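Visitor: I would like to learn how to read helix packing, cores, ring pairs and backbone angles in a model. Could we start with a pair of helices?

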Amino acid sequence: MVELDVEIALQQRQLEDAEAEEEDDPIFEVDLGDNISEELAKMRKNADKLDGMMALMFEFISERCRRSVVVGSFEGMTTGGVLTGNEKLMGGDNESERLLHALLIAFHESLLCTYKCRCVQFLIFFACSFSTRFTSAFTRFLLHQVGNEQIHAEARIASAAYLASFLARASFVPLSTVLPPLKHLLLWAERYQIETISKLGGAPARLDVALHGVFYAVMQGCLYLLCYKNSALGKPEAAGDREVIGELVGRIVKGPLNPLKFCQDAVLIEFERCSLPRP
């Protein structure tokens with residue numbers, strides 16, 4: 001499924017590039033119509049195949065997880081720990097727990113660092129909607145990956161992006177579940193910036209994505225998440241959290257590593273509309 005997902009994304013990119021070339025070079029009479037039609041037919045065939053597989057998996061996950069929720073088997077699930085080597089993320093022997101565990105293993109081994117995968121990850125997002133315990137396990141796993149200096153920066157950057165996207169877009173995740181990992185990421189970013197600058201001994205900081213890629217990915221993820229949760233943070237009961245987060249963000253973005261320089265424009269524009277208190 002992952003290979004099919006990526007293949008569709010690549011086919012779409014190739015079609016867009018071919019159409020752009022045809023529009024940009026009207027002088028040359030090159031008929032790309034047949035080639036584009038063939039590639040479009042292949043992409044649609046692959047998309048239909050992936051749609052069918054995804055529908056079957058959604059149905060399978062729903063059936064197993066709903067059954068467990070009804071009988072209350074999630075009450076005994078343990079989720080302490082993250083995927084480090086052969087360590088288990090979740091205990092329990094019932095069918096649904098084995099399924100959720102398998103999905104998380106598959107995410108770690110096949111999805112996390114796969115470029116251009118757009119659909120298959122929604123299987124694990126969907127599974128999280130049936131269990132707050134699994135949502136917690138998935139979140140902790142991604143947080144651990146972000147902070148793990150023993151793994152490649154690509155995996156850490158991808159983990160930051162997945163975590164921000166999941167917490168921002170999953171309507172079933174309440175603000176009370178979003179805030180702890182958000183604060184954790186911001187505190188990590190602040191600590192990283194302080195430690196990095198202290199090691200320079202007064203020398204100017206290098207604004208280098210290759211060098212500080214994880215830091216910049218974490219900050220973009222946090223700002224992205226804040227854009228989605230701004231209205232919830234504006235409620236009176238969230239006033240304290242809003243102030244703490246606003247102060248943290250203010251200190252970090254005004255720091256020498258200048259994370260706003262490397263954020264996507266769309267994220268920056270939306271973030272500027274947020275009214276977080278800043279020092």
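Guide: This is a predicted model. Take helix α6 (residues 153-169) and α8: they pack at an angle of about 5°, with their axes 9 Å apart.

Visitor: How are α6 and α8 oriented, parallel or antiparallel to each other?

Guide: Angles under 35 degrees count as roughly parallel. The two helices, α6 and α8, are therefore roughly parallel to each other. On the α6 side the contact includes Ala 153, Ile 157, Ala 160, Ala 164 and Leu 167. On the α8 side, Gly 213, Val 214, Ala 217, Val 218 and Gly 221 are among the residues that take part.

Visitor: How do the residues of the contact of α6 with α8 divide into nonpolar, polar and charged?

Guide: There are 12 nonpolar, three polar and three charged residues in this contact.

Visitor: Which residues have the most contacts inside the largest nonpolar core?

Guide: A nonpolar core joins buried residues through side-chain atoms within 4.5 Å. The largest one here has 73 residues, and Phe 107, Phe 138, Leu 186 and Val 218 have the most contacts inside it. Helix α8 (residues 209-233) gives the most to this core, with 12 residues. As for Phe 138, its contacts beyond four places in sequence are Leu 104, Phe 107, Ile 124, Phe 125, Cys 128 and Phe 166.

Visitor: Several of those are aromatic. How many aromatic pairs does the count come to?

Guide: Rings pair if their centres lie within 6.5 Å, and planes over 60 degrees apart count as edge-to-face. The count comes to 15 aromatic pairs. In one of them, Phe 107 and Tyr 162 have ring centres 5.0 Å apart and planes at 75°, so the pair is edge-to-face. Phe 107 belongs to helix α3 (residues 95-111) and Tyr 162 to helix α6, so the pair ties together parts that are 55 residues apart in sequence. Both Phe 107 and Tyr 162 are buried.

Visitor: What is the geometry of the pair Phe 122 and Phe 125?

Guide: Their ring centres are 5.4 Å apart and the planes stand at 80°, so this pair is edge-to-face. Phe 122 and Phe 125 both lie in helix α4 (residues 122-128), three residues apart, about one turn of the helix. Phe 122 is partly exposed, with a relative accessible area of 42%, whereas Phe 125 is buried at 11%. Ring pairs link both into a cluster whose members include Phe 107, Phe 138, Tyr 162 and Phe 166.

Visitor: Is Asn 46 buried or exposed?

Guide: Buried means under 20% relative accessible area. At 10% relative accessibility, Asn 46 counts as buried. Asn 46 lies in helix α2 (residues 33-71). Leaving aside neighbours within four places in sequence, Asn 46 is in contact with Leu 4, Glu 7, Ile 8 and Gln 11.

Visitor: Where does Ala 9 lie, and what does Ala 9 touch?

Guide: Ala 9 lies in helix α1 (residues 2-24) and is buried, with a relative accessible area of 3%. Not counting residues up to four places away in sequence, Ala 9 touches Lys 116 and Arg 118. Ala 9 and Ala 47 are 38 residues apart in sequence and 9.8 Å apart in space, C-alpha to C-alpha.

Visitor: Last, the backbone. What is phi of Asn 258?

Guide: Most residues other than glycine have a negative phi. Phi of Asn 258 is near 45°, a positive value in a residue other than glycine. Asn 258 is placed in the loop between α9 (239-253) and α10 (265-273). With a relative accessible area of 28%, Asn 258 is partly exposed.

Notes
Residues are numbered from 1 along each chain as its sequence is written. This is a predicted model: local features need pLDDT of at least 70, side-chain atom pairs count only at pLDDT 80 or more; totals for chains, interfaces and linings use all residues. Side-chain values use heavy atoms; hydrogens and water are left out. Buried means under 20% relative accessible area, exposed over 50%, partly exposed in between (1.4 Å probe, protein chains only). Helices (H or I, at least four residues) and strands (E, at least two) are DSSP runs, numbered from the N terminus. Contact means heavy atoms within 4.5 Å. Axes are lines fitted to C-alpha atoms, for helices over the stretch in contact, and angles run from 0 to 180 degrees between N-to-C directions. Angles under 35 degrees count as roughly parallel, over 145 as roughly antiparallel, 65 to 115 as roughly perpendicular and the rest as oblique. Ala, Val, Leu, Ile, Met, Phe, Trp, Tyr, Cys and Pro count as nonpolar, Asp, Glu, Lys and Arg as charged, and the others, Gly among them, as polar. Rings of Phe, Tyr and Trp (its six-membered ring) pair if their centres lie within 6.5 Å; planes under 30 degrees apart count as stacked, over 60 as edge-to-face and the rest as tilted.
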